[in-house]
Amino acid sequence: MAKSKPKGLAWRSSTLFIVSTVGIGLFTDLFLYGLVVPILPFILQDRVNLPKDQVQGHVSALLAAYAGASVLFSPPAGIIADRVATRQAPFLIGLLALLGATIMLSLGQSVPVLIVARILQGTSAAVVWTIGLALVLDTVGPNNLGKTIGSIFGFISIGELAAPVLGGVVYKKAGYPGVFGMAFAILAIDFIMRLMLIEKKVAAQWDVAEEPGEDGEEPEGNAGEEEDANEEEPLLRKKEEDNYKVPKGQNKVVKGYPILFCLKDPRLLTALLLAFNQATLLAAFDATIPTEAEQLFGFDSLKSGLLFIALVLPYLLLGPVAGWMVDRYGPKPAAVLGFGYLVPVLILLRLARSGGTSQVVIFCVLLSLNGIGLAVIGSPSVVEASYVVQRYDKANPEFFGKQGPYAQLYGINSMVFSLGLTLGPLISGGLRESIGYGNMNAVIAMLCLVTSLLSFIFVGGKPKALRRR
């Protein structure tokens, strides 16, 4: 007996609704993370009754529990998502884990309960980022991935910015009930949207028309780097295609987790490096802006939080534009120019000095300049990795399975990104204490320079001059 057509099938399976649902899911993850972190010290003191001298150590342990769970569970989430019929079910399960984590954080009165809550929260993050990005690729196709990722990242940056500020303000005004009431309200909206979502491949059962521009090859701007072979050189093109063939006789580990074979590709490894360095940069700003603002201007947590507007606003406004450029011209220009641009503007952060309004303005302008760079590097890593894996998938459809290895790819991407978010504060905090804020940024600038050079060599394939040698 045929299934009856779901109500609202057209809009529930539309590109706009699916992408919006993923965006809300990622927003919820970042918002709840940022909402809870500022009040963790108060939870440990008020509910767990820890002495003040033990609070910092336990806060660090709770942060590590979240990051560790996110790193560990990202690859398994990718494997599961590529083997189930639809991505909606694990996407919903990830939200249930986040709901359980939020309940435990709102009621927990012991350290073990809080640690389990943070592990659940990290697991949920692994699922939502892995499956969410795979859903986006399924929906918009590779040709529209850059501008979509740029738009989503710009939107979710609002949550990253607003959550710590709102968490602090609401906690002062309404205490724990106000903070967690806001969290549960956002979870409810997220749950309804994930429940209503209908994937395009499911909607196809009822002959819903595909929206144009959802499928396609690597854009000309990027393909030109890898496939510079002229029309009269078909043998060269055929040889390049053969490079993506998976030889027979792979071991059980690779067969069970086929994305591992792709990791020998320098393009994919460089794309993952971009993700790691992007996360490290974001985490370094998160970890050092509040402490530097307190030292230079005597800012409290609320005023320090407002400084992030200068950093995030360019990201919000320019993210979609930068993503469109990645779709049009390929990831190489954005990766090379974006990380290259960050080198001088990071070094310029040393110009901020202690003082009044004029120095605050200088600091905000410098943060805005860095925000432009963050917008440019927002989508090249995901798009480049998707292009590379798509080529392996198309050359070996029987090896990678019906759904391809895309969720596995985004699981590894999520793992690498989480690792950057974990190490970023440790690296930046240690450098700031040992060599100062200005020199810390100079070291990070050199990391960006190396990343820019590697992007020039590997992202989108080697340039002509290097390939002929």
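**Figure 1. Contacts of Q109 in the predicted model.** Leaving aside neighbours within four places in sequence, Q109 is in contact with R47 and V48. The model shown here and in the following views is predicted. Q109 sits in the loop that joins helix 5 to helix 6 (111–140). With a relative accessibility of 59%, Q109 counts as exposed, because the cut-off for that class is over 50%.

**Figure 2. N49 in the loop between helix 3 and helix 4.** This loop runs between helix 3 (40–46) and helix 4 (52–83), and N49 is part of it. N49 is not a glycine, yet its phi is positive, at about 60°. Most residues other than glycine have a negative phi. The relative accessible area of N49 is 58%, so N49 is exposed.

**Figure 3. Helix 5 and its buried residues.** Helix 5 covers residues 88–107, and its 20 residues should span 28 Å at 1.5 Å a residue. The end C-alpha atoms are 29 Å apart, which agrees with that expectation. Among the buried residues of helix 5 are P90, F91, L92, G94, L95 and A97. Further along, L98, A101, T102, L105 and S106 are buried as well.

**Figure 4. K200 and its polar contact with T15.** K200 belongs to helix 8, which covers residues 200–203. The side chains of K200 and T15 make a polar contact at 3.5 Å. K200 counts as buried because its relative accessibility, 12%, is under 20%.

Figure 5. Helix 13 has 32 residues and covers positions 266–297. From first C-alpha to last, helix 13 reaches 45 Å, close to the 46 Å expected at 1.5 Å a residue. Helix 13 is largely enclosed by the rest of the structure, because 23 of its 32 residues are buried. G298 follows helix 13 and has a positive phi, near 70°.

**Figure 6. The kink at T288.** Which residue marks the kink in helix 13? The kink, of about 30°, lies at T288, shortly before the proline P290. The side chain of T288 reaches the backbone oxygen of A284 at 2.7 Å. T288 is buried, because its relative accessible area of 2% is under the 20% cut-off. Not counting residues up to four places away in sequence, T288 touches S428, R432, Y437 and M440.

**Figure 7. Helix 19 and its bend.** Helix 19 has 30 residues, 406–435, and reaches 41 Å from its first C-alpha to its last. This is close to the 44 Å expected at 1.5 Å a residue. Helix 19 bends by about 30° at L423, and the proline P425 follows within four residues. Just after helix 19 comes G436, with a positive phi of about 95°.

Figure 8. C364 is in helix 16 (residues 357–376). Not counting residues up to four places away in sequence, C364 touches L307 and A310. The C-alpha atoms of C364 and A352 are separated by 9.3 Å, and the two residues are twelve apart along the chain. Are these cysteines buried or exposed, given the relative accessibility of C262 and the relative accessible area of C364? C262 counts as buried, because its relative accessibility is 0%. C364 is partly exposed, because its relative accessible area is 23%, which falls between 20% and 50%. A search of the whole structure finds zero disulfides.

**Figure 9. The chain as context for the close-ups.** The chain has 21 helices and zero strands. Of its 469 residues, 54% count as buried. The chain exposes about 20,600 Å², and carbon and sulfur atoms supply 68% of that area. Among contacts in the chain with a separation of 6 or more, 84% are accounted for by residues 24 or more positions apart.

Conventions: Residues numbered from 1 in each chain as written. Predicted model: local features only at pLDDT ≥ 70, side-chain atom pairs only at ≥ 80, totals over all residues. Heavy atoms only, no water. Helix = DSSP H or I, 4+ residues; strand = E, 2+ residues; numbered from the N terminus. Expected span 1.5 Å × (residues − 1). Bend = angle between axes of the 7 residues up to and from the residue. Disulfide = S-S within 2.5 Å. Buried < 20%, exposed > 50% of the residue type's maximum accessible area, 1.4 Å probe, protein only. Contact = heavy atoms within 4.5 Å. Areas by Shrake-Rupley, 256 points an atom, 1.4 Å probe, with all protein chains shown as cover. Polar contact = N/O pair within 3.5 Å; in protein donor to acceptor, adjacent residues only side chain to side chain.
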